[in-house]
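Work through these exercises with the chain open in your viewer. Try each task before you read its solution.

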Amino acid sequence: EPSDTDAGTIIIQHEVIASIASCATTEIEGVKEIGKKFASGLLTLMGKKTSAIKVAIDSNAQVSLTIPLIIQYGYNIPEVSNKVQENVRAALERMTDLPVKKININVQMVQQ
């Protein structure tokens with residue numbers, strides 16, 4: 001949603017929110033990588049960059065995310081997922097001032 005200031009309008013694109021979430025996710029120990037979605041793999045092959053993180057902003061300007069994860073083998077899945085949720089929420093609120101409604105974690109795989 002656009003934010004008006006005395007100097008003009010600020011618009012934060014969904015891709016920026018996904019990028020912040022991606023960086024905050026990979027900071028957490030036990031995250032092997034951000035998972036993939038089928039369409040993102042195809043678009044990457046076609047030379048288009050896309051994020052597997054889904055971003056939605058409701059009419060109240062609240063952000064909801066779905067983050068696909070690949071967890072490193074040996075780590076506690078709920079513990080890593082909770083840390084990701086906390087870190088992503090803190091990063092988004094600090095960097096965008098947007099309220100975060102929910103952060104859904106979709107654990108796709110465990111890898112060594």
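Read along the sequence, the pattern is β-β-α-β-α-β-β-α-β. The model is predicted, so local features need pLDDT of at least 70 and side-chain atom pairs count only at pLDDT 80 or more, while totals for chains, interfaces and linings use all residues. Residues are numbered from 1 along each chain as its sequence is written, and side-chain values use heavy atoms, with hydrogens and water left out.

**Exercise 1. The whole chain**

Task: State how many helices and strands the chain has, and what share of its residues is buried.

Solution: 
- Step 1. Count the elements. The chain holds three helices and six strands. Helices (H or I, at least four residues) and strands (E, at least two) are DSSP runs, numbered from the N terminus.
- Step 2. Check burial. Of 112 residues, 30% count as buried. Buried means under 20% relative accessible area, exposed over 50%, partly exposed in between (1.4 Å probe, protein chains only).
- Step 3. Look at contacts, meaning heavy atoms within 4.5 Å. Take those with a separation of 6 or more: 66% join residues 24 or more positions apart.

**Exercise 2. The faces of α3**

Task: Sort the residues of α3 into buried and exposed, and say what the buried ones pack against.

Solution: 
- Step 1. Take the length. α3 has 20 residues and reaches 28 Å from first C-alpha to last, close to the 28 Å expected at 1.5 Å a residue. The expected span is 1.5 Å times one less than the number of residues.
- Step 2. List the buried residues of α3: Val80, Ser81, Val84, Val88, Ala91, Leu92 and Thr96.
- Step 3. The arc is that of the directions from the helix axis to the C-beta atoms.
- Step 4. Name the partners. The buried residues of α3 pack against α1, β3 (31-34), β5 and β6.

**Exercise 3. The ends of α3**

Solution: 
- Step 1. Asp97 lies in the loop between α3 and β6. Its phi is near 65 degrees, positive in a residue other than glycine.
- Step 2. Check exposure. Asp97 counts as exposed because its relative accessibility is 68%.

**Exercise 4. Thr25 and Ile67**

Task: Show where Thr25 and Ile67 lie, and which residues they touch.

Solution: 
- Step 1. Thr25 lies in helix α1 (residues 14-26). Ile67 lies in strand β5.
- Step 2. Check burial. Thr25 is buried, at 0% relative accessible area. Ile67 is buried too, at 0% relative accessibility.
- Step 3. Compare separations. Thr25 and Ile67 are 42 residues apart in sequence and 8.6 Å apart in space, C-alpha to C-alpha.
- Step 4. List contacts, leaving aside residues up to four places away in sequence. Thr25 touches Val31, Ile34, Ile67, Leu69, Val84 and Val88. Ile67 touches Thr25, Ile53, Val84, Val88, Ile103, Asn104, Ile105 and Asn106.
- Step 5. Widen to α1. Ile17, Ala18, Ile20, Ala21, Ala24 and Thr25 are buried there. They cover an arc of only 160 degrees around the axis, so they sit on the same side of α1. Their cover includes β3, β4 (54-57), β5 and α3.
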